[in-house]
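Have the sequence at hand and turn the model around as you read.

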Amino acid sequence: GLRIKDPLSMVGDAVFDVDGAHDLVAVREIPFHSLCEHHLLPFAGTAHIAYFPNGRVLGLSKFARLLEIFARRLQLQERLGLQLAEALVQLLSPKAVAVSLEAYHTCMSHRGASVPSNTRTIAIRGEHSNDPSIRDQLLSGVSRGDRKWP
């Protein structure tokens, strides 16, 4: 992640034009870990990504690879979600995209307040991100839910 100057370049030819690709796509439960830039302590969690393609889709493994590249840098959870959402907008020009990150921060549990908790952030971007119907579907796509498959 630190050595890659342009994270979008690692996607290569994994962006595909697909006629009729306009329905919600959700990629869920992607694990990640990073270091808090303020305290140099780790945080780790799970990412959920949902987007409405505009005829272009991304190879599924590239979501995890992009997340990993951004997470390998000193980070803030808020920035990590924004960077991933904005990268997906640049790559795919989707109607809208949402990135939800839920993470456990050791800087919160081991110092300061000394309280274990999870922090959830949601970044929503795209041309149609303010459309109430699209926004509701995106939020549903990135919401926590019981996993129903192995």
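This is a predicted model: local features need pLDDT of at least 70, side-chain atom pairs count only at pLDDT 80 or more; totals for chains, interfaces and linings use all residues.

## The sheet

Thr 46 has Glu 102 as its bridge partner in S6. As a general rule, strands of a sheet pair through backbone hydrogen bonds, in either a parallel or an antiparallel way.

Now step back to see the whole sheet. It is open, has 5 strands in the order S5-S2-S3-S6-S7, and its pairing is mixed. Which strands stand at the edges? They are S5 and S7 (118-125); each has a single partner strand, so one side of each is left without a neighbour in the sheet.

On one side of S3 you will find S2, which runs antiparallel to S3 and is joined to it by 9 bridges. Within this pairing, Ser 34 has Phe 43 of S3 as its bridge partner. S2 and S3 also make a hairpin, with 5 residues between them. Look at Leu 40 in the turn: its phi is positive, at about 55 degrees. Further along the sheet, S6 and S7 are antiparallel as well, with 8 bridges between them. One of the residue pairs here is Tyr 104 with its bridge partner Asn 118 in S7.

Is S3 largely enclosed or largely open? Of its 11 residues, 8 are buried, so S3 is largely enclosed by the rest of the structure.

## The nonpolar cores

The largest nonpolar core holds 34 residues. Those that touch the most other members are Phe 32, Ile 49, Phe 63, Leu 66, Leu 67, Leu 80 and Leu 88. Several elements contribute to this core: S2, S3, S4, helix H1 (60-71), H2 and strand S6 (96-105) each supply at least two residues. The largest share, 7 residues, comes from H2.

Leaving aside residues up to four places away in sequence, its contacts include Val 25, Ile 30, Phe 63, Leu 84, Leu 88, Val 97 and Val 142.

Leu 35, Leu 40 and Leu 74 make a nonpolar surface patch of about 270 Å². Leu 74 belongs to strand S5 (residues 74-75), and its relative accessibility of 43% makes it partly exposed.

## Charged pairs

Side chains of opposite charge can pair when their charged atoms come close.

| Salt bridge | Closest N and O atoms |
|---|---|
| Arg 56 and Asp 17 | 3.5 Å |
| Glu 37 and Arg 79 | 2.9 Å |
| Glu 68 and Arg 72 | 3.0 Å |

Start with Arg 56 and Asp 17, which form a salt bridge. Arg 56 lies in strand S4 and Asp 17 in strand S1 (residues 15-17), so the pair ties together parts that are 39 residues apart in sequence. Arg 56 is partly exposed at 30% relative accessible area, whereas Asp 17 is exposed at 66%.

Next comes the salt bridge between Glu 37 and Arg 79. This pair also links distant parts of the chain: Glu 37 is in the loop between S2 (25-36) and S3, Arg 79 is in helix H2 (residues 77-92), and they are 42 residues apart. Glu 37 is partly exposed at 30% relative accessibility, and Arg 79 is partly exposed at 28%.

In the pair of Glu 68 and Arg 72, Glu 68 is partly exposed at 40% and Arg 72 is partly exposed at 42%.

Finish at Asn 54, in the loop between S3 (42-52) and S4 (56-58). Its relative accessibility is 42%, so Asn 54 counts as partly exposed. Which residues does Asn 54 touch, not counting those up to four places away in sequence? They are Ala 21, His 22, Ser 93, Pro 94 and Lys 95. Although Asn 54 and Lys 95 are 41 residues apart along the chain, their C-alpha atoms are separated by 5.8 Å.

Methods: Residues are numbered from 1 along each chain as its sequence is written. Side-chain values use heavy atoms; hydrogens and water are left out. Helices (H or I, at least four residues) and strands (E, at least two) are DSSP runs, numbered from the N terminus. Buried means under 20% relative accessible area, exposed over 50%, partly exposed in between (1.4 Å probe, protein chains only). Contact means heavy atoms within 4.5 Å. A salt bridge is a side-chain nitrogen of Lys or Arg within 4 Å of a carboxyl oxygen of Asp or Glu. A nonpolar core is a set of buried Ala, Val, Leu, Ile, Met, Phe, Trp, Tyr and Cys residues joined through side-chain atoms within 4.5 Å. Patches are made of residues with over 30% relative accessible area and no salt bridge: like charges are joined within 9 Å, nonpolar side chains (Val, Leu, Ile, Met, Phe, Trp, Tyr) within 5 Å. Accessible areas come from the Shrake-Rupley method with a 1.4 Å probe; for residues, only the protein chains shown count as cover. Two strands pair if DSSP finds at least two bridges between them.
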